[in-house]
Amino acid sequence: MSLTPKPESRAKFAPATRLVHAGRDPSGQHGFVNTPIYRGSTVLFPTYDDLKHRRGRYTYGTHGTPTSDALCDAWSEIAGAAGTVATPSGLAALSIGLMSAVSAGDHLLVSDSAYRPTRIFCDEVLKRFGVETTYYDPLIGAGIGAVMRENTKAVLVEAPGSLTFEMQDVPAIAGVAHARGACVVMDNTWATPLLFPPHERGVDIAIEAGTKYLSGGSDLLLGLTSANAEYWPVLNRTYHQFSVCAGPEDMFLAMRGMRTMGLRLREHERQALDIARWLQARPEVLRVLHPALPEDPGHAIWKRDFSGASGLFGVILKPVPEAAVAAMLDGLELFGMGFSWGGFESLCIPFDCTPFRTATRWAPGGPALRFHIGLEDLGDLKADLDAGFARLRAAAGTN
Ligand SMILES: *Cc1c(COP(=O)(O)O)cnc(C)c1O
């Protein structure tokens, strides 16, 4: 009897089933359920001839181990990719993805809503290597053709933007980009491949900050870059040349997180939608930025392309002095203030994109907050926010 369904027979299973079984082979490890942590640099070759021809799947620690194969093969299966590499952070996954897609003299288009450190990487590192980056309106859709140049080699999308939540029409952008020979690179961290299968929707190279939902515990830094058959060879070579391999313990933790990621995402979605609707009804709130809400301008695209939402969304408050927002946030008991997200705990941070947007103007009409809704009791979370709004009103003098 086989101890786990064979990879070739897993294609018939739903994503939830694959998430449990992908990247494991108990029959090859004495029946133990999980792939163990292989630590190591040197890999011994049995003969002179084997060494001379680098024969064998494993040749050196940085070139792959059974642990990295387990994680990357599982991710490829879930993302519908030809191959995946694991990096020590999400930003490293992004830089390797972009470095695989562009060369000196190329032009790169990046959504104005992209993750800020992505912009900095393009504006500083890629620029030094002769790649010019320009930013485009995230809502551009098929209009991307108008900002493409002769030498545009890649278009970076992020849907929704992980700070401002504009929904991008990825299939429309990919259709135009591919017709002009450009590569589509996507930061898919918000949805994960479970809610948005990137390579089925026209993405060539997809990035996941495993630091977020794959970990689920705020205890891990990891990135995954996956590619379709066309871009997998160049991604794989670029990755090995930079040698940005993730550590074995982190990869093990990522696989552990993967088994429960579907379950956690469903709960984050349910909790976040409940809080988002509750916030919509608050007198202090101007609007909620969440593509799964029918009122959101990106809702139709979200509904067409995504099978669910995660736990991260934005809120625009009615205008109040900054000190009132500070009074609200400083006293929160359950919502932590800090970067990153995707863990079990709720978070809330203020944000302002005015200083760095270049293609579009960020003028939401009031102070902006980003929420990540964790797994705490909804009543407790609302009571915490309710008290926060009371502090905000008192500080603003609108009580
Ligand atoms: C956090 C994040 C990253 C980077 O991940 P790190 O592991 O922190 O480097 C990339 N993209 C998005 C959208 C993120 O939220």
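**The ligand site**

Analyst: Around the ligand sit Ser89, Gly90, Leu91, Tyr115, Glu158, Ser162, Asp187, Thr189, Ala209, Thr211, Lys212 and Trp341, each with a heavy atom within 4 Å of it. This is a predicted model, where local features need pLDDT of at least 70, side-chain atom pairs count only at pLDDT 80 or more, and totals for chains, interfaces and linings use all residues. Residues are numbered from 1 along each chain as its sequence is written, and side-chain values use heavy atoms, with hydrogens and water left out.

User: Which residues have a polar atom 2.6 Å or 2.5 Å from a ligand atom?

Analyst: A polar contact is a pair of N or O atoms within 3.5 Å. Here a polar side-chain atom of Asp187 is 2.6 Å from a ligand nitrogen, and an N or O atom in the side chain of Lys212 is 2.5 Å from a ligand oxygen. Gly90 uses a polar backbone atom, 2.7 Å from a ligand oxygen.

User: How much of the ligand does the protein bury?

Analyst: Using Shrake-Rupley areas with a 1.4 Å probe, the ligand alone exposes 380 Å², and the protein buries 92% of that.

User: And where are the domains?

Analyst: An automatic or database assignment sets the bounds: domain 1 is 7–257 and domain 2 is 262–396. Their contact (heavy atoms within 4.5 Å) takes 38 residues from domain 1 and 36 residues from domain 2.

How values were computed
A polar contact is a pair of N or O atoms within 3.5 Å; within protein, one must be able to donate a hydrogen and the other to accept it, and residues adjacent in sequence count only if both atoms are side-chain atoms.
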